[in-house]
Amino acid sequence: MSAIGVTPSAAAGQSSRAQRAARTIRHPLARTLLVLTFTTGLVDAVSYLGIGHVFTANMTGNIVFLGFGIAGSGGLPVVAPLISLAAFLVGAGGGGVLASRLAQRHAQHMARALSIEVLLVALAAILAAAVKVRANAVSGDAVIALLAFAMGVRNATIRRVAVPDLTTTVLTMTLTGLAADSQLFGGSGKGSLRRTTAVVAMLLGALAGALLLKTSLFLPLALAATLAFITVLAYPPAARREERSPG
């Protein structure tokens with residue numbers, strides 16, 4: 001075993017899979033990650049617009065908002081970002097344990113991690129349908145914790161998969177690569193389609209989430225859970241077929 005608990009053969013398999021997914025957005029893994037990127041827009045629309053100025057996927061924004069809140073600026077909350085950060089870290093820790101234990105079984109790893117996300121987001125949707133979810137209340141904090149935990153598990157999983165520019169929750173480096181490697185600035189333009197598609201996926205997810213929130217908090221959460229469930233049904237079987245195929 002290596003120092004991080006991954007055998008050389010498992011690490012090589014992950015690298016090869018990531019390279020194939022990075023070459024074309026038609027690869028099953030790339031498509032799965034793009035769907036999850038779309039759901040990030042849905043989830044953060046719910047937490048930021050529907051519950052109150054907190055992210056459950058974008059932890060960089062939470063750190064900044066927490067600083068603003070502590071300073072008493074803009075009426076931003078302090079407790080909600082702390083809950084989100086704590087739940088995300090616990091989820092990421094659990095996702096890291098799962099990744100280490102299933103390092104050599106990619107399809108099973110993805111199935112387990114995605115199933116956890118489906119369960120947690122579905123629970124958040126059920127809670128939103130059952131009670132009036134409010135900011136600075138137990139109901140709002142519970143939804144934030146469920147979503148942030150789910151995003152923590154996902155981030156730990158996607159970090160292990162390591163497909164370039166498809167992290168599903170943050171776009172800063174994706175946008176940097178899009179500009180820095182663009183032909184406009186003397187680059188090769190390699191990866192521009194993948195990067196642009198990731199940006200558009202999150203944008204459309206945020207747009208859809210904001211529009212659905214005009215009806216209810218339940219709808220964007222239900223859509224996010226449904227899309228994650230579709231990835232559970234679609235990707236692990238495709239990954240198993242790829243693992244069995246020669247070469």
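Biologist: What should I know about the model itself?
Modeller: It's predicted, so local features need pLDDT of at least 70 and side-chain atom pairs count only at pLDDT 80 or more, while totals for chains, interfaces and linings use all residues. Residues are numbered from 1 along each chain as its sequence is written, and side-chain values use heavy atoms, leaving out hydrogens and water.

Biologist: OK, at what angle do α2 and α8 cross?
Modeller: Roughly 40 degrees, with the axes coming within 7 Å. Axes are lines fitted to C-alpha atoms over the stretch in contact, and angles run from 0 to 180 degrees between N-to-C directions.

Biologist: Which residues make that contact?
Modeller: From α2, they include L34, F38, G41, A45 and L49. The α8 side includes A198, A201, M202, G205 and L213. Contact means heavy atoms within 4.5 Å.

Biologist: How does that contact divide by class?
Modeller: The contact of α2 with α8 has 14 nonpolar, seven polar and no charged residues. Asp, Glu, Lys and Arg count as charged, Ala, Val, Leu, Ile, Met, Phe, Trp, Tyr, Cys and Pro as nonpolar, and the others, Gly among them, as polar.

Biologist: And α9, how does α2 pack with that one?
Modeller: α9 covers residues 218–244, and its axis is 9 Å from that of α2, at an angle of about 165 degrees. That angle is why α2 counts as roughly antiparallel to α9.

Biologist: Switching topic: how big is the largest pocket?
Modeller: About 240 Å³. A pocket is an open set of points on a 1 Å grid over the protein atoms alone, with protein on both sides within 12 Å along at least five of seven lines; a cavity is a set where a 1.4 Å probe fits but cannot get out, and lining residues have an atom within 4 Å of a point. A volume is the space filled by probe spheres set on points joined across faces, edges and corners.

Biologist: What lines the largest pocket?
Modeller: There are 15 lining residues, and D44, F55, N58, T169 and M202 lie nearest the centre. Two or more residues each come from α2 (28–52), α7 (172–180) and α8 (192–213). α2 gives the largest share, six residues. The lining divides into nine nonpolar, five polar and one charged.

Biologist: What about the second largest pocket, how much space is in it?
Modeller: About 170 Å³. Its lining includes N155, R159, L166 and T169, and by class it has six nonpolar, three polar and one charged.

Biologist: How many cavities of 30 Å³ or more turn up?
Modeller: One, in a search of the whole structure. The largest cavity holds about 40 Å³ and is lined by M110, A113, L114, E117, R154, T157 and I158.

Biologist: Which helix gives the largest share of that lining?
Modeller: α5, with four residues. Both α5 (106–130) and α6 (138–161) supply at least two residues of the lining of the largest cavity, which has four nonpolar, one polar and two charged residues.

Definitions and conventions. Parallel < 35°, antiparallel > 145°, perpendicular 65-115°, else oblique.
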